[in-house]
Amino acid sequence: MSSEIIVSRPHYDSRAAAQGVHQKSPALEQEVLPASSGSATAGYRSAKYTPAEWFSNYQAILEQAGTNRRDAQNIQQESRTLSQDTEAAALKTQATGTRLLGERLQEIHSWKSELQRHIELLQADTESLLMVKKRLERALDATETPYAIATDNLTCRARRLGAELVRDTVEEELLKEVDLIRSIQALLKKAAAQVVTQIKRNQDAQQTLEMDWSDKCQAYSFDDACGRNQNMSPDTQRHPSSAAMQEHVSTPSSWTKFTQDNLSMALQEDHATKSLRMLVEQMLQDTTEDLRVQCASVDRAFSLRCEDLIEAKTQLETKLAQTLEQIGAQEKNIEVLQQAIHNKEAPLRVAQSRLYLRSLRPNMELCRDQPQLSLEGEVRQIDASLESLKQKLSEARSSLSHLEESRMALEKDINCKTNSLFIEREKCMIHRKRYPTVSVLSGY
């Protein structure tokens with residue numbers, strides 16, 4: 001028989017295989033066995049294990065199985081411990097999250113209540129400023145009546161006649177009143193503009209607070225829903241990306257500072273509103289008092305002026321009566337003088353006729369005897385009397401003319417003062433009775 005190559009079976013270490021150790025196969029060795037007489041049984045002996053290999057093999061399997069069993073038991077024990085630990089940690093973490101959510105809800109509710117209180121405060125401030133604005137508008141409208149009265153008084157007094165058109169105390173007080181009303185109108189307009197600006201600032205602050213309040217309401221709703229979520233809640237689902245850091249998130253300190261800044265701004269506007277309301281209230285009181293004081297000053301000046309006019313008119317009327325009496329007496333005096341002059345005509349004619357007739361005496365009869373001298377003296381006396389009477393008549397007529405001039409001047413001045421008195425009492429003072437009351441001037 002030909003010789004055969006016999007290959008030994010590779011040894012397999014089951015323990016090393018269980019432990020994951022890679023076993024290198026030993027190098028195959030070719031052994032050339034010499035031909036023997038037992039070559040006929042070589043086919044039964046090839047590729048078979050020895051008893052020692054058999055025993056070693058199953059022992060290795062037993063050892064590997066024991067090792068795997070122990071490893072499995074350890075893994076199971078560790079798995080139970082890990083499961084319990086992770087469940088406890090998850091429950092603890094979830095409880096902590098729920099507690100923190102509850103605390104956050106309380107904090108949000110606290111800030112939300114504070115925001116709501118300041119929003120209501122700003123609303124009340126804005127409503128009060130709107131009422132103040134209406135008061136200022138009514139007060140401004142109310143100043144138009146005093147202004148119209150004062151300007152009408154000045155216009156009416158400009159129609160005074162002659163020397164009555166004087167810049168007296170009344171006119172000075174009226175001009176002061178006009179200037180005062182103009183300055184008060186400018187002040188009221190400025191105050192109204194400040195009120196409008198403050199209303200806008202309040203509305204802006206209120207809008208900021210309302211946006212913050214709205215955000216907190218929404219956040220409260222979300223956090224409340226988060227707090228209500230449980231392991232058995234049906235509406236929960238996985239959101240893997242939600243655990244990532246979000247952009248533009250605030251920190252607790254910046255979150256608190258943001259609301260504090262908004263509340264601080266609201267408090268500033270509230271203080272500004274209260275200060276402005278007090279300022280406007282005091283201003284309305286002062287302006288009303290100033291207008292009423294000036295109105296009283298003008299009325300007092302009118303009263304004094306009317307008293308002066310009445311007194312002057314009375315004096316003029318008294319003097320006019322005296323002048324009229326003198327005119328009557330002077331007219332009678334002129335009549336007496338004229339009668340006296342007329343009465344001198346007859347004696348003068350008689351004396352002149354006598355002298356004329358005696359001048360007709362002839363020759364030596366034309367003598368300057370006592371009758372002649374007496375007649376000449378009588379004519380001279382009558383001429384002198386006539387001259388005196390005529391001079392006195394001229395003086396009387398001149399005096400009567402002066403009296404007539406005085407009468408006309410007195411009557412004209414009386415008419416002027418009567419017209420002025422009519423203007424002061426019937427036009428101006430009656431018109432001033434329509435002066436607004438304190439409540440109307442205060443904007444009520």
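Reader: How do you know into which classes, nonpolar, polar or charged, the residues of the lining of the largest cavity fall?

Author: They divide into six nonpolar, three polar and no charged, where Ala, Val, Leu, Ile, Met, Phe, Trp, Tyr, Cys and Pro count as nonpolar, Asp, Glu, Lys and Arg as charged, and the others, Gly among them, as polar. The lining consists of Ala139, Thr143, Ile184, Leu188, Leu284, Thr287, Thr288, Leu291 and Leu441. The model is a predicted one, in which local features need pLDDT of at least 70 and side-chain atom pairs count only at pLDDT 80 or more, while totals for chains, interfaces and linings use all residues. Residues are numbered from 1 along each chain as its sequence is written, and side-chain values use heavy atoms, with hydrogens and water left out.

Reader: What makes this space a cavity, and how much space lies in it?

Author: On a 1 Å grid over the protein atoms alone, a cavity is a set of points where a 1.4 Å probe fits but cannot get out, and lining residues have an atom within 4 Å of a point. One cavity of 30 Å³ or more is counted, and about 30 Å³ of space lies in the largest cavity. Helix 6 (252-358) and helix 5 (169-228) each supply at least two residues of its lining, and helix 6 gives the most, with four residues; helices here are DSSP runs (H or I, at least four residues), numbered from the N terminus.

Reader: Why is the pair of tryptophan 54 and tyrosine 58 called tilted?

Author: Rings of Phe, Tyr and Trp (its six-membered ring) pair if their centres lie within 6.5 Å, and planes under 30 degrees apart count as stacked, over 60 as edge-to-face and the rest as tilted. Two aromatic pairs are counted. The rings of tryptophan 54 and tyrosine 58 have their centres 5.2 Å apart and their planes at 45°, so the pair is tilted.

Reader: Is tryptophan 54 buried or exposed, and how do you know?

Author: Its relative accessible area is 56%, so tryptophan 54 is exposed, given that buried means under 20%, exposed over 50% and partly exposed in between (1.4 Å probe, protein chains only). Tyrosine 58, at 33%, counts as partly exposed.

Reader: What makes the pair of phenylalanine 55 and tyrosine 58 edge-to-face?

Author: The ring centres of phenylalanine 55 and tyrosine 58 are 5.4 Å apart and the planes stand at 85°, so this pair is edge-to-face. Ring pairs link Trp54, Phe55 and Tyr58 into a cluster.

Notes
On a 1 Å grid over the protein atoms alone, a cavity is a set of points where a 1.4 Å probe fits but cannot get out, and a pocket is an open set with protein on both sides within 12 Å along at least five of seven lines; lining residues have an atom within 4 Å of a point. Grid points are joined across faces, edges and corners, and a volume is the space filled by probe spheres set on the points.
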